[in-house]
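The sequence and structure come first.

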Number of protein chains: 2
Amino acid sequence: MATIGDVARLAGVSRSTVSSVLTGRKFVAPATRERVEDAIGRLNFTVNSGARALATSRTMNIGLVFSFRQSMYVPSATTYVVALAEEARLHGYRLTLVTGSDSVSEIKRLLASKSVDGLVVMEVLEDDPRLPVLRDAAVPSVLIGMPEDSDGVDAVDLDYLAAGRLVMDQVHQARHRRVAFVTWPTYLHEMGATYAHRFRTGAEEGARELNLDLSTFLCDVDQTSILERVTGIIRDPSYEALVFHNDAVAPVLSTMLVREHREDLQVLGLCPPELAREHWLPFDTIDTQPEESARTAVKLLMRRLNGTGTETGEPDGIDGRDGADCHERVLLTPRLTTRSPWFGLENRDAGSSD
Amino acid sequence: MATIGDVARLAGVSRSTVSSVLTGRKFVAPATRERVEDAIGRLNFTVNSGARALATSRTMNIGLVFSFRQSMYVPSATTYVVALAEEARLHGYRLTLVTGSDSVSEIKRLLASKSVDGLVVMEVLEDDPRLPVLRDAAVPSVLIGMPEDSDGVDAVDLDYLAAGRLVMDQVHQARHRRVAFVTWPTYLHEMGATYAHRFRTGAEEGARELNLDLSTFLCDVDQTSILERVTGIIRDPSYEALVFHNDAVAPVLSTMLVREHREDLQVLGLCPPELAREHWLPFDTIDTQPEESARTAVKLLMRRLNGTGTETGEPDGIDGRDGADCHERVLLTPRLTTRSPWFGLENRDAGSSD
DNA sequence: CTGAAAGCGCTTACAG
DNA sequence: CTGAAAGCGCTTACAG
């Protein structure tokens, strides 16, 4: 494999000149530059990333931490991962995966070995044990998730609080009062998964304000639990609305509603776009906006890495109140997707309101 | 951040001695080693991965190439990615993501910049444009997929051919004759996605041999197409069995079968475990075995990287016929998971047969 | 505008 | 058994 020395020799210049055209940090006479670029092309030369990393202390790698706990709705993670990878690539960065249950020590190792220039952390918890590590790190981090205290790092997420209120608003507008709320399992709430408790808080606050009669059910994600719980609710005619924030609910719901003849039940859910896309969801949902979250996360990171702003301009939806040491908290506005007729063969998405 | 020099100073030895205990490639007197290890602990030292990569030409990084075409059933990809990452970590490697549509040039760049020690390639096609690049690469690759010609690289996949035959066998055993086969969209077949055409070939050959009356439908993965196609089949009473190899089919099927009162229809599908886990699948399926595929893929790669065999012994299910230059083709045996009563509240998995 | 030299943090023959 | 030296492939002051 060609090195910078080979290029220099072929172009008849010094290695530093080659380096200058490579980095673009120094002016090189057009004629020289031309010769160098030509040589690069001929030799099919690419900078050795390890060597460059050693010389610059920039790896052009960003670490993606997701420690898939057993419970997580694994499928939807792909959307985040792909969007993160693509956005990172747009900025010249690559993604390195950090999985494994003991992510704290994994992160420490990653940081100590100087393998990444920054971190994106998914599945954030309140009092996340990884937060102190991230704060002390020499490189910037961004959370996808919104703990109360995100000092020292940037954070982005759907505004789950607002989403909870939005859903209750819809129930209220439909003049329904008694509503069942199926949310994530107990342990997810106890762990403090930020999306779980933020949506729940929003929903419960909204219900209280609108004087709705809300029953909250924390439900496991296995088939048995879901079916049992959903059946119980559907068979109780006093429920006028069913709100879910638990991805395992969606797939079985349409079947159950048909079987139990509860097409009258107002159903509203928070769900990942791929769930809505792949399944037959004849009810309204709020998109979790994984792609927007992912792209914003990377943009926030780039901002820290490249000083202020990126080559592609200001990240969308990030307001400019960034003091030198002030970290961002970006909340994405929830949007309701309304879906038309129950059990029709079409399943068109209508406009959005928020 | 501490360097090897700091450690050497603190331990009162030379840098090469520290390096020796780090790599473990040279004997170091126990007392010295102790001092060095102590110093490492105190300084919280970790080898700088860029520097090590430069010195050894080993990055301890493996590249994961998946160029998510629009069509792919994205959710199931996570299972592969996580399993690959975990298995890689077991061997001390990390995963670097290579996404993007133009994966050929991305791969070339990755290889030229010496960023990875090996590659895992998903979504492999017959005549995959990436294959020539992989063959010429200085580092080994393994495919998850099974093109006719996989010379120069290792390959692993579920035995989709056998799976196709197994399914037809089941239909035959149920004494059914007329069977509808819903498979992936036309363009996936035209692209030559190996799983698509291998299963199809197996199914069609099996049907011919068993004298079944098979109608094959290539079907898009959007809701509308799926519903239309599935409804058409279900409403045709002449069909006795429905075989699907198209992930978009599963989610809607149970609802449709109830609505159309076709609980008599024999349904068999090939599907990812998470699909079976998350949905209400009251019919028999063949697991695509993503985790087994992923782990085997990494093991094959490790074998190339570390000479013959890994520290953890021979990879499971890999027979030992590896001549020095002979590349492996590992086919995982398909297993049928039978599921009990139609539309009961339970959904227990019964034993497997193959 | 270009080049010689030092240095990034490690490993690895090679002496001793 | 340990250490001094060279080298991996780049970048970056610093001279010229």
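The model is predicted. Around DNA strand D there are 27 residues, of which T3(A), I4(A), S16(A), A55(A) and S16(B) are the closest. Helix 2 (15-23) and helix 4 (49-56) of chain A, and likewise helix 2 (15-23) and helix 4 (49-56) of chain B, each give two or more residues to this surface. Helix 2 of chain A provides the largest share, six residues. Sorted by class, the surface near DNA strand D holds twelve nonpolar, eleven polar and four charged residues.

DNA strand C also has 27 residues around it, and those that come nearest are S16(A), T3(B), I4(B), S16(B) and A55(B). At least two residues of the surface near DNA strand C come from each of helix 2 and helix 4 of chain A and helix 2 and helix 4 of chain B. Here the largest share, six residues, belongs to helix 2 of chain B. The surface near DNA strand C is made up of twelve nonpolar, eleven polar and four charged residues.

## Chain A: content and domains

Chain A has 354 residues, 48% of them buried, and its secondary structure consists of 14 helices and 13 strands. Among the contacts in chain A with a separation of 6 or more, 66% join residues 24 or more positions apart.

The domain assignment divides chain A into domain 1 (4-47), domain 2 (61-158 + 290-318) and domain 3 (160-287 + 335-353). Domain 2 of chain A puts 16 residues in contact with 15 residues of domain 3 of chain A. On the domain 2 side, helix 5 (74-90) and strand 5 (154-158) of chain A each supply at least two residues. Helix 5 of chain A gives the most, with three residues. That side of domain 2 of chain A, where domain 3 of chain A is touched, comprises eight nonpolar, four polar and four charged residues.

## Contact between chains A and B

Chain A and chain B each bring 51 residues to their contact. On the side of chain B, two or more residues come from each of helix 4, helix 5 (74-90), strand 2 (94-98), helix 6 (103-112), helix 11 (223-235), helix 12 and helix 13 (273-278) of chain B. Helix 5 of chain B has the largest share of that side, ten residues. By class, the side of chain B that touches chain A has 22 nonpolar, 19 polar and ten charged residues.

Helix 12 (residues 249-259) of chain A packs with helix 12 (residues 249-259) of chain B at an angle of about 10°, and their axes are 8 Å apart. Because angles under 35 degrees count as roughly parallel, helix 12 of chain A is roughly parallel to helix 12 of chain B. From helix 12 of chain A the contact takes P251(A), S254(A), T255(A), V258(A) and R259(A), and from helix 12 of chain B it takes P251(B), S254(B), T255(B), V258(B) and R259(B). The residues of this helix contact are four nonpolar, four polar and two charged.

## Two partly exposed residues of chain B

L336(B) lies in strand 12 (residues 336-339) of chain B. L336(B) is partly exposed because 19 other C-beta atoms lie within 10 Å, whereas a buried residue needs 20 or more. V182(B) is 154 residues from L336(B) along the chain, and their C-alpha atoms are separated by 18 Å.

V139(B) sits in the loop between helix 7 (130-136) and strand 4 (141-144) of chain B. V139(B) has 18 C-beta neighbours inside 10 Å and therefore counts as partly exposed. Leaving aside residues up to four places away in sequence, V139(B) touches L111(B), V116(B), D117(B), G118(B) and L119(B). V139(B) and I4(B) are 135 residues apart in sequence, with a C-alpha to C-alpha distance of 29 Å.

## Positive phi in two loops

Most residues other than glycine have a negative phi. N44(A), not a glycine, has a positive phi of about 55°. N44(A) is placed in the loop between helix 3 (30-43) and helix 4 of chain A. With 10 other C-beta atoms within 10 Å, N44(A) is exposed.

D127(B) is not a glycine either, and its phi is positive, about 55°. The loop between strand 3 (118-121) and helix 7 of chain B holds D127(B). D127(B) counts as exposed, because it has 11 C-beta neighbours inside 10 Å.

How values were computed:
Residues numbered from 1 in each chain as written. Chains lettered and ligands numbered in written order. Predicted model: local features only at pLDDT ≥ 70, side-chain atom pairs only at ≥ 80, totals over all residues. Helix = DSSP H or I, 4+ residues; strand = E, 2+ residues; numbered from the N terminus. Buried ≥ 20, exposed ≤ 12 C-beta atoms within 10 Å, placed from the backbone. Contact = placed C-beta atoms within 7 Å. Near = placed C-beta within 6 Å. Nonpolar A, V, L, I, M, F, W, Y, C, P; charged D, E, K, R; others polar. Domains from an automatic or database assignment. Axes fitted to C-alpha atoms, helices over the stretch in contact; angles between N-to-C directions. Parallel < 35°, antiparallel > 145°, perpendicular 65-115°, else oblique.
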